[in-house]
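Let's take a walk through this model, with the aromatic rings as our way in.

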Amino acid sequence: MTANTTRLFILSVLALLMAASRGHAFDHFSPPDASWAVFFIAGFHLRGWGRWAFPLLMALAVGVDWWVINGQGIDFWDHYCVSAAYWFLVPAYGAMWAGGALLRRYYTGASWEAVGVAALAFVAWTLACHLLAQGSFYWLSDAVANPTVAGWWKNYTDWLAPYMATSSVYVGIAAVLQLAGERIAATLGRGERPALSAA
């Protein structure tokens, strides 16, 4: 399997995962939203494709939101979650992509050190993503009548753990698959990174 074929496969899986899970915020029947993890994992695996893959995934995210909201009989622009703050999802998801891409740049293979670095990178970029997504919603939407710094901080910390937990499960699964792929490649003695870790 070539590097580009592998990237295309990974992109397809991530797109399907986001499409299947993104409706959770609206209908609670879908799996927990994988969007943050999708952009982090995509940043790690799709190096060189960011110019078109990132906009494609963003368009998919907005498209799923539009489809789910309109499916509820609500106009997209009138929904509680859609305000000026909605467009801050672009830099928020961009932060997750950047975190994955930066991690990939210094990744040399599975090791305990790599696990530690990956965990720190994931936490740091998730904090930044949440700051942009939650902060913009708190300060720019009409959802909060009288915003205050104390109110923002409470809202930030209240929602951080659930988002962090959900995203960490998806990223953890991706990390296990990465490790398994590297171990299988090493066992087969190919002397190269397996398909799932194509740069």
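Start at Trp 87, which is partly exposed at 40% relative accessibility (buried means under 20% relative accessible area, exposed over 50%, and partly exposed in between, with a 1.4 Å probe and protein chains only). Before going on, a word on the source: this is a predicted model, where local features need pLDDT of at least 70 and side-chain atom pairs count only at pLDDT 80 or more, while totals for chains, interfaces and linings use all residues. Residues are numbered from 1 along each chain as its sequence is written, and side-chain values use heavy atoms, with hydrogens and water left out.

Now for the rings. The whole structure holds 16 aromatic pairs; rings of Phe, Tyr and Trp (its six-membered ring) pair if their centres lie within 6.5 Å, and planes under 30 degrees apart count as stacked, over 60 as edge-to-face and the rest as tilted. One of them joins Trp 49 and Trp 52, a tilted pair at 5.0 Å centre to centre with 40° between the planes. Trp 49 is buried at 12% relative accessibility, and Trp 52 is partly exposed at 40%. Trp 87 pairs with Trp 77: the centres are 6.1 Å apart and the planes sit at 40°, so this pair is tilted. Trp 77 itself is exposed, at 55% relative accessibility. Elsewhere, ring pairs connect Phe 39, Phe 54, Tyr 93 and Trp 97 into a cluster.

What about disulfides? The count is 0, where a disulfide is a pair of cysteine sulfur atoms within 2.5 Å. Cys 81 is in none, as the nearest cysteine sulfur, in Cys 129, is 15 Å away; that is too far for a bond. Cys 81 is partly exposed at 31%, whereas Cys 129 is buried at 0%.

Finally, look at the second largest pocket, with about 560 Å³ of space. On a 1 Å grid over the protein atoms alone, a pocket is an open set of points where a 1.4 Å probe fits, with protein on both sides within 12 Å along at least five of seven lines, and lining residues have an atom within 4 Å of a point. The volume is the space filled by probe spheres set on the points, which are joined across faces, edges and corners. Of its 23 lining residues, those closest to the centre are Ala 114, Val 115, Ala 118, Ala 175 and Val 176.
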